[in-house]
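Please load the structure in a viewer and follow the selections below in order.

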Amino acid sequence: MSPGTSKFPSYSYLKNLITREKKIIEAPSGHAENGVDWFYPEWAADARNNRPIIVRDTDSALGRYNQQTKELGLKDLARVHGHLCDGLVIAYVLLKAAFDHLFNDGIVDRTDLQVVTKNSPCMVDAAGLMSGARINFQTLRVEAQLENIFIVQRISTGQTIRVSLNDGVFPEETDRLARRIRAERAKGNPVSAEDIDRIEELHDQLSKKMLSEDLDRLLTVSELEDYKFHFNDLYVGRGDVINKSMPR
Ligand SMILES: [Zn+2]
């Protein structure tokens, strides 16, 4: 009850109470919103491999562990990344598989992960957002040469999972057409609407496949023993001077 002399609660007390209750009802336990939208089609929303991950973070910039968890869904990623694309979906399915192996309780500790990812706009976004790894903390390594593979390590235990897309899942036609479009644009040449429509169609086909087929057919998970995570290979100790004072 609000402080005061009236036996009735004050207007501001009731307003605050209603607002608080409303917030609790709208977000009961951090559930991800998965409704169909113009950028999030029904085939993605309803797909069998589209299940949110459950994450734990900290309360604030200087906060302790959250006491509750929250969900992070594919639609959240599409919204923040800018679109639902095949790269985002591949990353989502692969990273979720890695997390399932690393966290027995099903709760992804986003304070405790470092990740190696391919250098792609979609994969880097997904890896950072889903794992909490970041370039500025030197916990997200971006490798130009890596294919559709992620290496995910729990910092506290050193346990490391490598997850890769199986051969043959990525269609050759998609690869060929994407290379041709990029090469034409790099030369400053235009690309036809038909080509862009076709590549988008192929990307959606791959996304549908990733979200509907058995995981065993799509990806391979393995554990890496004694994996040493290096943020990059640029800063190393000088190797050509270590023996300069050794006897002749
Ligand atoms: Zn993308």
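Select helix H6 (residues 172-186) and helix H7: they pack at an angle of about 145°, with axes 10 Å apart. Helices here are DSSP runs of H or I of at least four residues, strands are E runs of at least two, and both are numbered from the N terminus. Axes are lines fitted to C-alpha atoms, for helices over the stretch in contact, and angles run from 0 to 180 degrees between N-to-C directions. The model is predicted: local features need pLDDT of at least 70 and side-chain atom pairs count only at pLDDT 80 or more, while totals for chains, interfaces and linings use all residues. Residue numbers start from 1 along each chain as its sequence is written.

Next, display the residues that form this contact (C-beta atoms, placed from the backbone, within 7 Å): Glu173, Thr174, Leu177, Ala178 and Ile181 of H6, with Asp195, Arg198, Ile199, Leu202, His203 and Leu206 of H7.

Now move to helix H4 (86-102). Its 17 residues reach 24 Å from first C-alpha to last, close to the 24 Å expected at 1.5 Å a residue; the expected span is 1.5 Å times one less than the number of residues. Of these 17 residues, 15 are buried, so H4 is largely enclosed by the rest of the structure. Buried denotes 20 or more other C-beta atoms within 10 Å of the residue's own, again placed from the backbone.

Finally, select Leu94. Leaving aside neighbours within four places in sequence, Leu94 is in contact with Phe150, Val163, Leu165 and Leu219.

Technical notes: Two residues are in contact if their C-beta atoms, placed from the backbone, lie within 7 Å. A residue is buried if 20 or more other C-beta atoms lie within 10 Å of its own, exposed if 12 or fewer, and partly exposed in between; C-beta atoms are placed from the backbone.
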